[in-house]
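Here are my notes on this model. Please keep the structure open beside them as you read.

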Amino acid sequence: MKELYFTLPYRRSKKTVRLEYGQVKKKFIVKTFDGEINGGKTSEDSPKEEVFDDEQEMLKSVYEIKKGLMESRWIIQDKESISQPSFLKTEIIDGAISFEFSVDIDPDKLEGKRTGIVQDFVEKINKEVETSIRKGVENKGN
């Protein structure tokens, strides 16, 4: 079964919709799960199922659902990258404004992204240095 995962942004708790679709025995099925991420806890309602006799009908239904969600500003995402939105808490203590910022991020995923960014940066710098050296050699040769 294939899966699409959508979230609705800009909310204190994230609304989610997960679509599973594919062939089961001789039928084609689309399952829709409505859910929510709230305070680091995730929940999903029981799925709504649609059964189709052929693949084209199923794919058309998936396309229509996806199109409707995207038009309603839902964002398609990789389910593994979802985390609780960040929160900014402000208080006034003795006439001074105090800020507290918290983010629920999986440290392993954050480290993986950091490593990828560093590798990409180093690769681009190396290419730029190599290009600059070639240009310098070409200019000296002329």
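1. Burial comes first. The chain has 142 residues, and 22% of them count as buried. Keep in mind that this is a predicted model.

2. Next, the layout. The chain holds two helices and eight strands. Along the sequence, their order is β-β-β-β-β-α-β-β-β-α. Take the contacts between residues at least 6 apart in sequence: 39% of these join residues at least 24 apart.

3. Look at strand β2, residues 14-24. Buried here means under 20% relative accessible area.

4. Now the partners of β2. Strand β1 spans residues 2-8 and pairs with β2 through seven bridges, in the antiparallel sense. Find Lys-2: the residue opposite is Tyr-21 in β2. Strand β3 spans residues 27-38 and is also antiparallel to β2, with eleven bridges joining the two. Across that pairing, Lys-15 faces Glu-36 in β3.

5. Check the turn. β2 and β3 make a hairpin, with two residues between the strands. Lys-25 lies in this turn and has a positive phi of about 60 degrees.

6. Last, the rings. How many aromatic pairs does a search of the whole structure find? The count is zero. One ring does have a charge over it: the charged end of Arg-18 sits over the ring of Phe-33, 3.9 Å from the ring's centre.

Conventions. Residues are numbered from 1 along each chain as its sequence is written. This is a predicted model: local features need pLDDT of at least 70, side-chain atom pairs count only at pLDDT 80 or more; totals for chains, interfaces and linings use all residues. Side-chain values use heavy atoms; hydrogens and water are left out. Buried means under 20% relative accessible area, exposed over 50%, partly exposed in between (1.4 Å probe, protein chains only). Helices (H or I, at least four residues) and strands (E, at least two) are DSSP runs, numbered from the N terminus. Two strands pair if DSSP finds at least two bridges between them. Rings of Phe, Tyr and Trp (its six-membered ring) pair if their centres lie within 6.5 Å; planes under 30 degrees apart count as stacked, over 60 as edge-to-face and the rest as tilted. A charge sits over a ring if NZ of Lys or CZ of Arg is within 6 Å of the ring centre and within 35 degrees of the ring normal. Contact means heavy atoms within 4.5 Å.
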